Every structure is written in C-alpha cells, then in structure tokens.
Amino acid sequence: MASDKGQHQRESTPFWEWVVTGIGIVLVLGSLSFLLYRELTGGESPPDISVQAGAVHNASTTFLVTFRAINKGGSTASKLRIEGRLTLNGKTVETSEALLDYLPAHSERKGGLFFSHDPRRFDIELRPTGYEKP
C-alpha cells in the first residue's frame, strides 16, 4: 500500500504545472491567431498621414503654428517631414518645415512650425512631404 501511494505521488502532475502549461498554450495560440489575422487582412499597409493645423501663437520675433500629424496606416513612418505653407491669392508667401523622428502606425504626434509672417492673415497649407521606412 505504501509503495502504491508513493508511486502515485510521483506520477501525478502538480497543480501549478498544469496552470503554467495552460498559460503557455494560451500564449502560443494567441500569437498564432494574431499572425494569422495579420496575414489574412493584408499585413502592413503604408503610412496614411494627415496633418491638421492647430492654434497660432505669438513668439518673441516669430509666429508658431502647432499641428497634429495622424497616421491611420498600418506601418510606421520615421523622419517624417511636414511642410507648412502660407499663401495669399494662390501665391506662396512663406514656407516652413518640421521633422518628426517617429510616427507609429495608428497614432499621432504634435509639433510646431515657425513663420516670420502672421499666419492668421494668410491661408495655411500643411502636408507631409516624405518619410523613411524604419
């Protein structure tokens, strides 16, 4: 009897070993499901970037236009260049440029452009002009 009990204890799997095994199975199946979903939905799409102008602030000798860059695409843009242009009757009065180091997929970053002319007196055009794939 005593030897049967000892042998039974050696053969039975501890409760926590089952718990850890279950967590491992859930993690592996979750990772495989995520990879399968990404593959079936087309994987990464290119960056889809839009730029929205914010408030205009007076600086000591310049004017600051804040902006928000939004990436609705499925991949990251690095070294994203944002160009701001002040126009009057279709003619460009002044341009300014900013560089965002990193704009991840489905995210947004804020920045600012400096102008010597008051942007409130002109039309403001903001657009992304280029990026690098990280």
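This is a predicted model: local features need pLDDT of at least 70, side-chain atom pairs count only at pLDDT 80 or more; totals for chains, interfaces and linings use all residues.
Trainee: Start with helix α2. Where is it, and what is its span?
Mentor: Helix α2 covers residues 15–40. Helices here are DSSP runs of H or I with at least four residues, strands are runs of E with at least two, and both are numbered from the N terminus. The 26 residues of α2 should span 38 Å at 1.5 Å a residue, and the end C-alpha atoms are 38 Å apart, which agrees. The expected span is 1.5 Å times one less than the number of residues.

Trainee: How many of its residues are buried?
Mentor: The number buried in α2 is 0, so the helix lies largely in the open. Buried means under 20% relative accessible area, exposed means over 50%, and partly exposed is in between, using a 1.4 Å probe and protein chains only.

Trainee: Which residues form an aromatic pair?
Mentor: The structure holds 1 aromatic pair. F15 and W16 form it, edge-to-face, at 5.2 Å centre to centre with 70° between the planes. Rings of Phe, Tyr and Trp (its six-membered ring) pair if their centres lie within 6.5 Å; planes under 30 degrees apart count as stacked, over 60 as edge-to-face and the rest as tilted.

Trainee: Is F15 buried or exposed? And W16, buried or exposed?
Mentor: F15 counts as exposed because its relative accessibility is 57%. W16 counts as exposed too, at 62%.

Trainee: Now the strands. What is the order in the sheet with β1?
Mentor: The order is β1-β2-β5, in an open sheet of 3 strands with antiparallel pairing. Two strands pair if DSSP finds at least two bridges between them. β1 (49–58) and β5 stand at the edges, each with a single partner strand, so one side of each is left without a neighbour in the sheet. The twist averages 25° from one strand to the next. Axes are lines fitted to C-alpha atoms, for helices over the stretch in contact, and angles run from 0 to 180 degrees between N-to-C directions.

Trainee: How many bridges join β1 and β2?
Mentor: They pair over 8 bridges, in the antiparallel sense. The two strands form a hairpin with 4 residues between them. I49 stands opposite N71 in β2.

Trainee: And what about β2 and β5?
Mentor: Strand β2 (residues 63–71) pairs with β5 over 9 bridges, again antiparallel. The bridge partner of N71 in β5 is S107.

Trainee: What is the order in the sheet with β4?
Mentor: That order is β4-β3-β6, an open sheet of 3 strands with antiparallel pairing. Its edge strands are β4 (91–103) and β6 (123–132), each pairing on one side only. Neighbouring strands are turned by 20° against each other on average, direction ignored.

Trainee: How do β3 and β4 pair?
Mentor: Strand β3 (residues 77–88) pairs with β4 in the antiparallel sense over 11 bridges. A77 stands opposite L103 in β4, and R85 stands opposite T95. The hairpin of β3 and β4 has 2 residues between the strands, and N89 takes a positive phi near 55° there.

Trainee: Let's pick S96. Where is it, and what does it touch?
Mentor: S96 lies in strand β4. S96 counts as buried because its relative accessibility is 13%. Leaving aside neighbours within four places in sequence, its contacts (heavy atoms within 4.5 Å) include I82, E83 and L113. A polar atom of the S96 side chain also lies 3.0 Å from the backbone oxygen of F114.

Trainee: How far is S96 from L40?
Mentor: Their C-alpha atoms are separated by 41 Å, and the two residues are 56 residues apart along the chain.

Trainee: Last one: where is D118?
Mentor: D118 is in the loop between β5 (107–115) and β6. D118 counts as buried because its relative accessibility is 16%. A polar contact of 3.0 Å joins the side chains of D118 and R120. A polar contact is a pair of N or O atoms within 3.5 Å; within protein, one must be able to donate a hydrogen and the other to accept it, and residues adjacent in sequence count only if both atoms are side-chain atoms. D118 also touches V56 and F63, not counting residues up to four places away in sequence.

Technical notes
Residues are numbered from 1 along each chain as its sequence is written. Side-chain values use heavy atoms; hydrogens and water are left out.
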